[in-house]
Amino acid sequence: MGNKYRIGFVGCGNMGSAILKGILSAGMADRDEVIASCHTESSKKRLEETYGITATNNNKEAVHADVVFLAVKPNKLEEVAKEIREEIAPDTLLISVVAAKSVDILEDLFRTPALDGKLQLVRTMPNTPALVGEAMTALTPGHWITDAHLQYACRLFESFGKAEVVPEDLMDCVTGVSGSSPAFIYILIEAMADEAVKEGMPRKQAYKFAAQSVLGSAKMVLETGEHPGALKDAVCSPGGTTIAGVAKLEETGFRHSIEAAIEASIEKSRG
């Protein structure tokens, strides 16, 4: 596949909008070649005014594209699939961002005589940092997807973050480690800032110090390739302030809390 194609969004809520913004910002699609479906007139107006794209209240219109993002709520998937599956062409790349719906479930829901054995499907799990071009996305290919379609899907998601192909049996793990975890990081940033405010720092400044420290630390892990434990050890001088803080984190169960939160998210995803 080439660089730019007509792209449709079936559903364009928080995650759909994050992906849309990322793709447009990266220049992976022209605004006049994007169409998105939504439920209400107010949502339609918001999408058109915010992103300069075509919006519609008809899901079938959004499917007439080269690439279709399926971004509906899980409880609406079966209903929407019945509505649009006959409209999907065999060479259309269908990208699902529907949580907790496996490739097998998706392929079964979109099975038609025209698509049987031909459906170009990829299941994905991005996260909301797509809004700022720093998403982490996992992609699981369907049984019949071509290498060209899979590579193009990866390029789309890499245009606003990082993307990795993973097997289906790791998708629940992905939900915990990257899908849900931004919320845990926001709590960490908030807690760091609260303590700084307690010590007299203005709140806006405290958020900036805390958030930039988290951003920089993450970048160190990604760019140096060092083990996080080694990077932690490098900051901990003998008898210093940092090792005192690390000891308190271990004493109060910080590591266990993070592990437990990820585990809870994974188990919820497994159902």
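Rings of Phe, Tyr and Trp (its six-membered ring) are taken to pair if their centres lie within 6.5 Å, with planes under 30 degrees apart counted as stacked, over 60 as edge-to-face and the rest as tilted. The model examined here is predicted, so local features need pLDDT of at least 70 and side-chain atom pairs count only at pLDDT 80 or more, while totals for chains, interfaces and linings use all residues. Residues are numbered from 1 along each chain as its sequence is written, and side-chain values use heavy atoms, with hydrogens and water left out.

Ring pairs join F9, F69, F157 and F160 into a cluster. The pairing rule gives four aromatic pairs. In one of them, the ring centres of F69 and F157 are 6.0 Å apart and the planes stand at 70°, so this pair is edge-to-face. Because F69 belongs to strand β4 (residues 67-70) and F157 to helix α6 (residues 147-158), the pair ties together parts that are 88 residues apart in sequence. Helices (H or I, at least four residues) and strands (E, at least two) are DSSP runs, numbered from the N terminus. F69 has 0% relative accessibility and counts as buried, a term that means under 20% relative accessible area (1.4 Å probe, protein chains only). F157 is buried too, with a relative accessible area of 1%. The rings of F157 and F160 have centres 5.6 Å apart and planes at 55°, so their pair is tilted. Like F157, F160 is buried.

Next come the helices. Two packed helices are described by the angle between their axes and the distance between the axes. Axes are lines fitted to C-alpha atoms, for helices over the stretch in contact, and angles run from 0 to 180 degrees between N-to-C directions. The axes of α1 (residues 14-25) and α2 (residues 41-51) come within 12 Å and cross at roughly 20°, which makes the two helices roughly parallel (angles under 35 degrees). Contact, meaning heavy atoms within 4.5 Å, is made by S17, L20, K21 and L24 of α1 and by R46, L47 and Y51 of α2.

Helices α7 (residues 171-198) and α11 (residues 254-270) pack at about 135°, with axes 8 Å apart.

Key: Buried means under 20% relative accessible area, exposed over 50%, partly exposed in between (1.4 Å probe, protein chains only). Angles under 35 degrees count as roughly parallel, over 145 as roughly antiparallel, 65 to 115 as roughly perpendicular and the rest as oblique.
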